[in-house]
Amino acid sequence: MGNPLNFSQALHFCVLFSILFIALSGFSHSVEKRKILSTEERAEKRDSTLIEKSDDLQMGATSAFQSASTQCVKAGDNEPLALQMDGDVVIGGFFPLHYLASELQHSYQSKPQVTPCSGFDHRAFRWMMTMAFAVEEINNKSSLLPGVKLGYRILDSCDNVHSSLQALFSLVTFSESAAGGEQMLGMKNTINLTGEEAQTLLTTRDDETPSCLSGSPIPAVIGLASSSPTRAVAQVLGSFNIPLVSYFATCTCLNDKHVYPSFLRTVPSDLFQVAGLVQLVTFLGWQWVGTIGTTDDYSQYGIQEFSSHFRHSGGCVAFHLTIPKSPTAAEIQDMADMLQISIADVVVVFAAEGQLLDLFLELSRRNVTGIQWVASEAWVTAGLLTFPEFHGLLEGTLGFSFPGVNIPGLKEFLLNVRPSPEPGMEFINMFWEEQFGCQLQFDLLNLDHRFNLDSQNTSVVTKKKESSERIKADPKPVCTGSEDLSLTSSSYTDVSRVRISYNVYKAVFAIAHALHNLLNCDSAGINEGMCDKNTEFTAGQLLDHLKKGNFTNQFQERVYFDTNGEPVPLYDIINWQKDSKGKIRFVKVGGYDGSAPLGQQLKINGSIIVWTGGQSQVPVSRCSAPCRPGSRQARRPGKPPCCFDCLPCADGEISNQTGSTECTKCPESYWSDKDKVKCIAGVEEFLSFSETMGIVLVLLTLLGVVLTAITTVIFHRFRTTPIVKANNSEISFLLLLSLKLCFLCSLVFIGQPSVWTCMLRQAAFGISFVICLSCLLVKTVVVLLAFRANIPSSGGLKLFGPTQQRTMIICTTTPQICLCVGWLLGAPPFPIKNPTYQASYGKIVLECKEPWPLGFYLLLSYIGLLAFVCLLLAFLGRKLPDTFNEAKLITFSMLIFWAVWICFIPAYVSSPGKFSVAVEIFAILASSFGLLLCIFVPKCYIILLHPERNIRKGMTGKYR
């Protein structure tokens, strides 16, 4: 630990924190006169403290704690600067006048100093002065807190946790003598002290060590801007129910009332802003966005909530960049590289303007354009980023901000601010130098005279020396203090539509109204029209009245806090637009009401929005272009859902919207059109009598029937001739009849299928051909018996006479008839609408469905068996006498029959829709014509053209 003195100093620092918490637990405020310690009591207490301090160095940690139990011992010497005004009740305030705080490394060899800050924020200074303006306005009102004067003590938080905590401990433990004599009268603990009593109090406390929060005149605090410092301060004050009303801390993490019980705010939490930003981004069609944040709580919680809600709504986060607390040049360049190479043209940013400055400067240096920035409320109205070098980068920025108003009298108040060498005016002096780029140099002689400078006033001497050294080191034009603020243009003087300042204004009035109710200012009685100064109150009581507060301000806005200590979630949608002078203006283009019903929350006027780069068209930001109607999205493996390929819808499915994720199947009897964007009623197709192919097949059928009929007539006319009588003319006529049926059964296949045609077509085809083949089989057997029998022919024919021939025909036909009857009774074919081929040519085929395909194959197999037997027997009789050899004709006809039906099978299977029916009809007609022409035409030729051969000798081969 080093030497004992260092240990003692460190222990004193720890004791300060311990005693602060112990003292906070007993904190209370009273507007009743309290007892004032006498001068002697104060002296005794001061002597006691000196003794205890002396013992601390000798006795170690135990005696150090005992000495600190009665006094707050400061570990540092410097007191943070503060803007303050006396009052009966003094409220505290924290504002980030500087946005950069140095990282201090404590050596524990010396007492810690106040953290130096840099980067003066004009906008935050306006917030600070708005608090002063609101307090002054309340003091001038006779209707609010009559008889009670409000005061304030405002410190710089530097937008940093460490600096904020330092300011907090200074606020609650400040040395009242340090405030100066005139201000000190306002820091008293009682309202109705007499002048003599106040002077006694001042005299007795001149040399007193700082008191802890017990007895502090600060009953409420307004602040802070950023969420991380707010969490630190709110957690400390919440343990003792001291209200902290924030004007700009929006982190949802602060909603936890177990951790932050005394925290309230006049600004909605990020929960509502995130919901609004997600609605805004999705409404504009941006599904592929990047995000940028920082390491603080506001940014982390905001980005986390936004990303979660955005993904839930179907969007994707392309990338996320986190700006470190103190980024290096390499880190800034890496982030700039990412923004340049990313295809995400929309970037949502949750950060403060000071944290974005380095990154935006680098992007401006690279002349990066085309990025549509979506800003959170933290920087959407930041004047720091409206300088000309940022115009090309940030013009068209869109974001959420709080509703703005024009506060009457605020601008005049701000313009009347003047620098002064008096203590407590340091912040105003800093602003003056920053605003005019000059350096104030007050007459130090007047300063000495005013404060009666002597050897004991070391702080003023130090400041005098520092001022002289600063002027020598940084020579700037000297400020006179009479410069005209109305001629300048900055975020400080731009009060046309103040937003954060309005939140500060509401916070001050909320505390004032709570005090008004707490002090019974509206009660009747002796003090009617005045506040009851004898009312005692604690910070917890003031907190309760704040939570119950409900009033309507001069802007007709109802100000109140819900159960989470939050106001009504109202936002303006702000667009960065250039005016005629080339300056960036914050233009309201819409609004968001988080309390409105869903669907009515977001209102935006897209026609007046200027997009990035001054464009008038909404930018597009997507990983993949939306799939056109007729296709669907197919996600790329390992990629976010927004990155996909577009695949065409399958046949019979459609997608009629851009960006469809699935295709919809068409209803039955409907089919997708060529572009797959709509379902159309399927065109029913069948082999009709009216189409060309149907007409040709009908004509062929009629030709076959006519030829068969002519042949029948010829045979009937010459039925007594030998050529007709040969092989039993009865069988020939039966064969001709069966051929007519074969021709006619093809007509059943043409036309729209029905239940009866479906049942009849295959049965008629199967039975007709079996009768035909049975007749041929009998003829073949007769020929063989007539010319091949070893016994006399008459004897062979007797063994196979007409009766046997008829019996054979019946026996060979009966199995086919039984098969067809059983098939039709058990599983009859029926008409259906077959969409199978609709994908090919967009039509639904009406056809007969065969639920028992085996029946059809058995039918064909039996026909094939008879045809094979006929061919075999006819082949055996191929060498019969040449003059009339019917076996040769049967052989040739069977070869044609087999060739047709062997070709039929592959053609039938491969033919789609109605063409398969046409193939079957063609096979029937071809085989029927083959039988007719091969068997009967040669006979008709002899009968009609060579009657001389139609004799018995000619048939036996003896005719030459």
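I looked up aspartate 297 and found it buried (under 20% relative accessible area; exposed is over 50%, partly exposed in between; 1.4 Å probe, protein chains only), with a relative accessible area of 16%. This is a predicted model, where local features need pLDDT of at least 70, side-chain atom pairs count only at pLDDT 80 or more, and totals for chains, interfaces and linings use all residues. Residues are numbered from 1 along each chain as its sequence is written, and side-chain values use heavy atoms, with hydrogens and water left out.

I checked the partner of aspartate 297: its side chain meets that of arginine 231 in a salt bridge, 3.0 Å from N to O. I took a salt bridge as a side-chain nitrogen of Lys or Arg within 4 Å of a carboxyl oxygen of Asp or Glu. Arginine 231 is partly exposed at 21%.

I next looked at aspartate 572, which forms a salt bridge with arginine 499, the closest N and O atoms being 3.0 Å apart. Aspartate 572 is buried at 5% relative accessibility, and arginine 499 is buried at 7%.

I then noted aspartate 651 and lysine 676, in a salt bridge with the closest N and O atoms 3.2 Å apart. Aspartate 651 is partly exposed at 42%, whereas lysine 676 is buried at 15%.

I searched the whole structure and found 17 salt bridges. I also found a network of them linking Asp337, Glu362, Arg365 and Arg366.

I looked up confidence last: the mean pLDDT (the predictor's confidence in each residue, from 0 to 100) of the protein chain is 80, and 80% of its residues reach 70 or more.
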